[in-house]
Amino acid sequence: MSTGARDLNSDLDLALHLAKIADEISLKRYQALDLVIETKPDLSPVTDADKAVEKAIRDEIAKLRPQDLVVGEEFGSPDSLAGKYYWVIDPIDGTKNYLRGVPTWATLIGLVDPTGAVVVGVVSAPALSRRWWAATGKGAKCEFAGEVKEIRVSKVSKLSDASISYSDLIGWGERKAKFVSLQEKIWRTRGHGDFWSHMLVAEGAVDIAVEPSLSLWDMAALDVIVREAGGKFTNIDGQPGPHGASAISSNGLLHLDFLDQISLKGAN
Ligand code: IPD
Ligand code: CA
Ligand code: CA
């Protein structure tokens, strides 16, 4: 077991330092004519930038936090995470955007404590000139074009007034029809996609973000930022945290109503 209290300020500083390292690599390769794109066994694409970012982050963590473990999208997870703090890395979230020249992509860095709670999160989207971060009990912040602001979720309390963002209609299974029909009852729907949907919830610009099929690295950093901005982060069955293979971020006020609307049990 890990013992002793962690200094979350120091962990957050490290996460921000890792984000800087990531941005330097990813921005240099963004829209490069010689970008190398391969197809992974799950048929999703990966670029040389995804791998270089994750490797650089892993090397820095090994140097500065040798006792911590790392879970990353491109280079895997240790056999056991029991009793340890571990960093969760998505080197580029939105790889399909990245490789086509759409600027909505980011490096996601989360730190998970031995209970499974995310205690530090950084999302860095250099092509959007934006970075978001949070640590437990310290609030959530966003930096845009050099200015840092505290962020808070919205106060919208009725689904009929809500703005909802999602990624696409893939992975919804039997819930797809419910989600599609809900769009006629709410104020606005847009597919901002990926980390961006959830960060817009944290900023209060969107009220609910939903993605029905995700991995831990897609969500760890988002979870603590949304919660520290005053929102709620669960999977589509309402299980709190980023360990449930799907994500709903909301301002908290709309969470239960939204879960109810897309529930397979509930009647619409
Ligand atoms: C993808 C994004 C997307 C989700 C996919 C993920 P990647 O991550 O998070 O929103 O729908 O399931 O694989 O591959 O671009 O890091
Ligand atoms: Ca991802
Ligand atoms: Ca990725």
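Mentor: A molecule sits in a pocket if more than half of its atoms lie within 2 Å of the grid points of that pocket. In this predicted model, ligand 1 sits in the largest pocket.

The residues that surround ligand 1 are Glu73, Asp90, Ile92, Asp93, Gly94, Thr95, Ser167, Asp194, Glu211, Ser213, Leu214 and Asp218. Sorted by class, this shell holds six charged, four polar and two nonpolar residues. Strand β4, which spans residues 86–93, supplies the largest share of the shell, namely three residues. In terms of domains, ligand 1 lies between domain 1 (8–150) and domain 2 (159–262), because both give residues to the shell around it.

Several polar contacts involve oxygen atoms of the ligand. A polar side-chain atom of Asp194 is 2.7 Å from an oxygen atom of ligand 1. For Ser167, a polar side-chain atom lies at 3.4 Å from an oxygen atom of ligand 1. Ser213 takes part through its backbone: one of its polar backbone atoms is 3.4 Å from an oxygen atom of ligand 1. As for exposure, ligand 1 taken alone exposes 370 Å², and the protein buries 73% of that area.

Key: Residues are numbered from 1 along each chain as its sequence is written. Chains are lettered from A and ligands numbered from 1 in the order in which they are written. This is a predicted model: local features need pLDDT of at least 70, side-chain atom pairs count only at pLDDT 80 or more; totals for chains, interfaces and linings use all residues. Side-chain values use heavy atoms; hydrogens and water are left out. A residue is near a molecule or strand if one of its heavy atoms lies within 4 Å of it. A polar contact is a pair of N or O atoms within 3.5 Å; within protein, one must be able to donate a hydrogen and the other to accept it, and residues adjacent in sequence count only if both atoms are side-chain atoms. Accessible areas come from the Shrake-Rupley method with a 1.4 Å probe; for residues, only the protein chains shown count as cover. On a 1 Å grid over the protein atoms alone, a cavity is a set of points where a 1.4 Å probe fits but cannot get out, and a pocket is an open set with protein on both sides within 12 Å along at least five of seven lines; lining residues have an atom within 4 Å of a point. Helices (H or I, at least four residues) and strands (E, at least two) are DSSP runs, numbered from the N terminus. Ala, Val, Leu, Ile, Met, Phe, Trp, Tyr, Cys and Pro count as nonpolar, Asp, Glu, Lys and Arg as charged, and the others, Gly among them, as polar. Domain bounds come from an automatic or database domain assignment.
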